[in-house]
Amino acid sequence: EHYGDERPRLINMYGITETTVHVTYRPLAKADLSLAADSVIGRAIPDMHIYILDDTLQPAPIGVSGELYVGGAGLARGYLGRPDLTAERFVPSPFADGERLYRTGDLVRYLADGNLEFLGRLDHQVKLRGYRIELGEIEAALVGHAGVEQAVVVAREDSPGDKRLVAYVVGKAEAAVDAASLRAQLKQSLPDYMVPSAFVVLEALPLSPNGKLDRKALPAPEQGA
């Protein structure tokens, strides 16, 4: 507090083992505490190249989510003894001859100021009524609600043949959170098919013994939730 947010300097760094190890960085300031997007991972470190690409390996526009691909000096050669997995995850770059890119499996998007926002994992992608839905994108929109501290969205099938999106939220201290306000918040930025049909407010998200989210322990929503 005596030195403000300059000393010591806090840096948020995103990285993965296959890039040995860091990819992006973002110096943190007090203003970050009030950001609607709470998973901003910043910009590429100087010797790394990052791309946000769609399914056709075309760059995603600002504000549109896509998979993060990484290239540059830190890229690993591949997986030892796993040529099949190496070929799947380390792919030729469509932008530079001889460059390889690593498919991270992470869903991100560019913010208007050029920083990256982390939205979640692509393996949390679902298909519902013919639409491919990024659950991380819905979760990011929920956290943008002034009263929401944490949010998780899952596709549940509590009744055979009735698959639907359910949102679980943990509210901030003394904040009033209800399904109507959450639904209204999402409709401002998401299409109707991405708005969950049920909302469940929890005191805390269930965790496994190792401290990770236990999705199987998320309760079924009550009728009319």
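1. Aromatic pairs. In this predicted model, the count of aromatic pairs comes to four. One of them joins Tyr79 and Phe90 in an edge-to-face arrangement, with 5.6 Å from centre to centre and 70 degrees between the planes. Tyr79 sits in the loop between β5 (66–72) and α1 (83–89), while Phe90 belongs to strand β6 (residues 90–92), so this pair ties together parts of the chain that are 11 residues apart in sequence.

2. Phe90 is buried, at 6% relative accessible area. Its ring also pairs with that of Tyr102: the centres are 5.0 Å apart and the planes make 50 degrees, so this pair is tilted.

3. The ring cluster as a whole. Tyr79, Phe90 and Tyr102 are linked into a cluster by ring pairs. How exposed or buried is Tyr102? Tyr102 has 5% relative accessibility and therefore counts as buried. Tyr79, in contrast, is partly exposed, at 23%; the cut-off for buried is under 20%.

4. Strands β2, β3 and β8. Strand β3 (residues 40–44) pairs with strand β2 (residues 22–27) in the antiparallel sense, over two bridges. Across this pairing, Tyr25 stands opposite Arg43 in β3. Two bridges also join β3 to strand β8 (residues 116–121), and these strands run antiparallel. Val40 has Glu117 in β8 as its bridge partner.

5. The three-strand sheet. Strands β11, β12 and β13 form, in that order, an open sheet with mixed pairing. Which strands stand at its edges? They are β11 (148–159) and β13 (198–202); each has a single partner strand, so one side of each is left without a neighbour in the sheet. From one strand to the next, the twist averages 25 degrees. Strand β12 (residues 162–171) pairs with β13 in the parallel sense over five bridges, and the bridge partner of Val169 in β13 is Val201.

6. Helices on that sheet. Helix α2 (residues 135–143) lies across β11, β12 and β13 and runs at about 140 degrees to β11. Helix α3 (residues 179–187) also packs on the sheet and touches β11, β12 and β13. The direction of α3 makes about 120 degrees with that of β13.

7. A point to check: Glu134. This residue is found in strand β10 (residues 131–134). Glu134 is buried yet has no salt bridge. Which side chain of opposite charge is nearest to Glu134? It is Arg132, 4.3 Å away; the pair does not count as a salt bridge because the cut-off is 4 Å between a side-chain nitrogen and a carboxyl oxygen. Leaving out residues up to four places away in sequence, Glu134 touches Ser65, Leu107, Leu122, Gln125 and Met194.

Technical notes
Residues numbered from 1 in each chain as written. Predicted model: local features only at pLDDT ≥ 70, side-chain atom pairs only at ≥ 80, totals over all residues. Heavy atoms only, no water. Phe/Tyr/Trp six-rings, centres within 6.5 Å; stacked < 30°, edge-to-face > 60°. Helix = DSSP H or I, 4+ residues; strand = E, 2+ residues; numbered from the N terminus. Buried < 20%, exposed > 50% of the residue type's maximum accessible area, 1.4 Å probe, protein only. Pairing = 2+ DSSP bridges. Axes fitted to C-alpha atoms, helices over the stretch in contact; angles between N-to-C directions. Contact = heavy atoms within 4.5 Å. Lys, Arg positive; Asp, Glu negative; His and termini not counted.
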